[in-house]
Amino acid sequence: MAKEIKKPSFDLKGKVAIVTGATKGIGYAIAATFAMYGCNIVITSRTPADCERVEKDIKNLYNVQCLGISADSSVKENIDEVVAKTVEAFGKIDILVNNAGISGKTTDLLNQTEDNFMKVVSTNLKGCFLFAQAVAEQMKKQGTGGKIVNIASVGGLIGGKGVAPYGASKAGVLSLTRTMANEWARYGITVNAVCPGYVITELNQDIFADPEIKSKMEKRTAVRRLGSVEEVAGPVLAMVSDCFSYMTGTYILLDGGQTIGG
Ligand code: NAP
């Protein structure tokens, strides 16, 4: 008799996801993509008006429940409030995407300031730790397991010039991802990361507005173009689906071949 193989499913109907920093760029694309597959969504950012707008957009476009909560990912009280409000509204959390991130000021190490370093690390690394910790506690309580995806970066793998705080924060996110996966596997929680290469968003649009810089970056990439937000959101959808149930503690590189030498 032919062996039957289970059909992979990306369905997220009835699931509840928090996507941080989801009013723009990669985070918005991830939240919208989850919603397309039936997921109820909580989105955050520091700007209340953006949260309200995106909450309405996602509800109208995808016919799912959506809650926009203004919260700073570097502030523990804000994070605890997001988790409490999510549980109050939906009764559970199935998925967390730690996406909120900033690049900080670009300057060589000798001119880096403590203030810039701490700002970047507080949002990108401390925020990832505190959000995952609060959500994992809730998932453990639920006894349902869950999926956590941390948005790291190629910057966390290579030593790019001028972006030390960003690179260090993203390398830290990759390290946290491994420890979280190790410690929380016993609760049925998988934790993975993605490392995108260059994707034009508000984070870097000023840099890529210079055609010379854009062309230089494209030449450094094997596929000779920058990535799109959809090219990050699609893989993240797969990672929180049942297809990736055996993957934890690692990352997917989404860089168009940047790190293989371009
Ligand atoms: P983006 O377009 O600048 O969007 C960042 C989002 O995060 C916005 O919604 C922003 O809203 C929010 N945010 C920033 N700081 C926050 C904080 N402290 N608390 C809560 N929300 C905050 O950036 P993006 O390019 O989509 O980047 C998203 C993630 O992908 C980041 O972690 C970034 O490091 C990573 N990444 C990006 C690229 C790229 O080429 N774009 C490459 C690799 C990795 P408010 O400002 O209103 O709070």
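Start with the rings: there is one aromatic pair in this structure. Rings of Phe, Tyr and Trp (its six-membered ring) count as a pair if their centres lie within 6.5 Å, with planes under 30 degrees apart called stacked, over 60 edge-to-face and the rest tilted. Select Tyr198 and Phe208: their rings sit edge-to-face, 5.7 Å from centre to centre and with 80° between the planes. Tyr198 is in the loop between β6 (189-196) and α6 (205-208), while Phe208 belongs to helix α6, ten residues away. Helices (H or I, at least four residues) and strands (E, at least two) are DSSP runs, numbered from the N terminus.

Is Phe208 buried or exposed? Phe208 is buried, at 7% relative accessibility. Buried means under 20% relative accessible area, exposed over 50%, and partly exposed in between (1.4 Å probe, protein chains only).

A quick word on what you're looking at: this is a predicted model, where local features need pLDDT of at least 70 and side-chain atom pairs pLDDT 80 or more, while totals for chains, interfaces and linings use all residues. Residues are numbered from 1 along each chain as its sequence is written, and side-chain values use heavy atoms, leaving out hydrogens and water.

Next, click on the ligand. It is surrounded by 30 residues (each with a heavy atom within 4 Å), and the closest are Thr23, Thr47, Asn99, Tyr166 and Thr201. Zoom in on Thr201: an N or O atom of its side chain is 2.4 Å from a ligand oxygen. At Asn99, a backbone N or O atom lies 2.7 Å from an oxygen atom of the ligand. The protein covers 95% of the 890 Å² of accessible area that the ligand has on its own (Shrake-Rupley method, 1.4 Å probe).

Now colour the charged side chains. You can find nine salt bridges, each a side-chain nitrogen of Lys or Arg within 4 Å of a carboxyl oxygen of Asp or Glu. Go to helix α2 (residues 48-62), where Asp50 and Arg53 are three residues apart, about one turn of the helix. Their closest N and O atoms are 3.4 Å apart. Asp50 is buried at 17% relative accessible area, whereas Arg53 is partly exposed at 39%.

Last stop in helix α2: Lys59 and Glu55. Their side chains form a salt bridge of 2.9 Å, N to O, and the two are four residues apart, about one helical turn. Lys59 is partly exposed at 36%, but Glu55 is buried at 18%.

Terms used:
A polar contact is a pair of N or O atoms within 3.5 Å; within protein, one must be able to donate a hydrogen and the other to accept it, and residues adjacent in sequence count only if both atoms are side-chain atoms.
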